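Student: I have just opened this structure and would like to understand the words used for it. Could you walk me through them?
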Amino acid sequence: MISIQLETKERMQVLDLTKDLVRIAKNWGKSGLVNIYCPHTTAGLTVQENYDPSVKEDLLATLERLIPHNFGYKHSENNADAHIKSVLCGVSLSLPVSAGHLLIGRWQGVLFLEMDGPRKRQVYLTFIESEE
């Protein structure tokens, strides 16, 4: 298992994991799947357009509009919105790898979504080799 250490600076922030994942998959050099897992209940993962930076801004703005931070939630830690946003995004992805190449679309990127920062975070990668 491989761990990627992250540090966010904002309460809600998007970090691009794509370059790290491409490099790590290349070093692995095999074919199969990579599972990316986020062990945090107030953060998430997604695959989304990664060319236009306004997409990341729109994602965060829409999540905040749909699930506002100050809504009168019962959760006592003042981060219930972040838990709900995490549920919508999900905390794991499985992506194909072929001969060390991460198989994502031309415009796609793998994004970490922070909903309760700033914090130190990590994601875990597990590779499963195919029998090809």
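Tutor: Gladly! Let's start with a cut-off: a residue is exposed when its relative accessible area is over 50%, and buried when that area is under 20%. Keep in mind that this is a predicted model.

Student: What makes Tyr73 partly exposed?
Tutor: Tyr73 has a relative accessible area of 25%.

Student: Why is the pair of Phe71 and Tyr73 called tilted?
Tutor: Their planes are 50 degrees apart, with 5.4 Å centre to centre. Stacked needs under 30 degrees and edge-to-face over 60, so this pair counts as tilted.

Student: What makes Tyr51 and Trp107 an edge-to-face pair?
Tutor: The ring centres are 4.8 Å apart, within the 6.5 Å limit, and the planes meet at 70 degrees, which is over 60, so the pair is edge-to-face. Tyr51 sits in the loop between S4 and H2, and Trp107 in the loop between S6 and S7, 56 residues apart.

Student: How do you know that the buried residues of H2 are on the same side?
Tutor: Val55, Leu60 and Leu63 are the ones buried in H2. They cover an arc of only 135 degrees around the axis, so they lie on the same side of H2. The face turned away from that buried side carries the exposed Glu57 and Arg65.

Notes. Residues numbered from 1 in each chain as written. Predicted model: local features only at pLDDT ≥ 70, side-chain atom pairs only at ≥ 80, totals over all residues. Heavy atoms only, no water. Buried < 20%, exposed > 50% of the residue type's maximum accessible area, 1.4 Å probe, protein only. Helix = DSSP H or I, 4+ residues; strand = E, 2+ residues; numbered from the N terminus. Arc of directions from axis to C-beta. Phe/Tyr/Trp six-rings, centres within 6.5 Å; stacked < 30°, edge-to-face > 60°.
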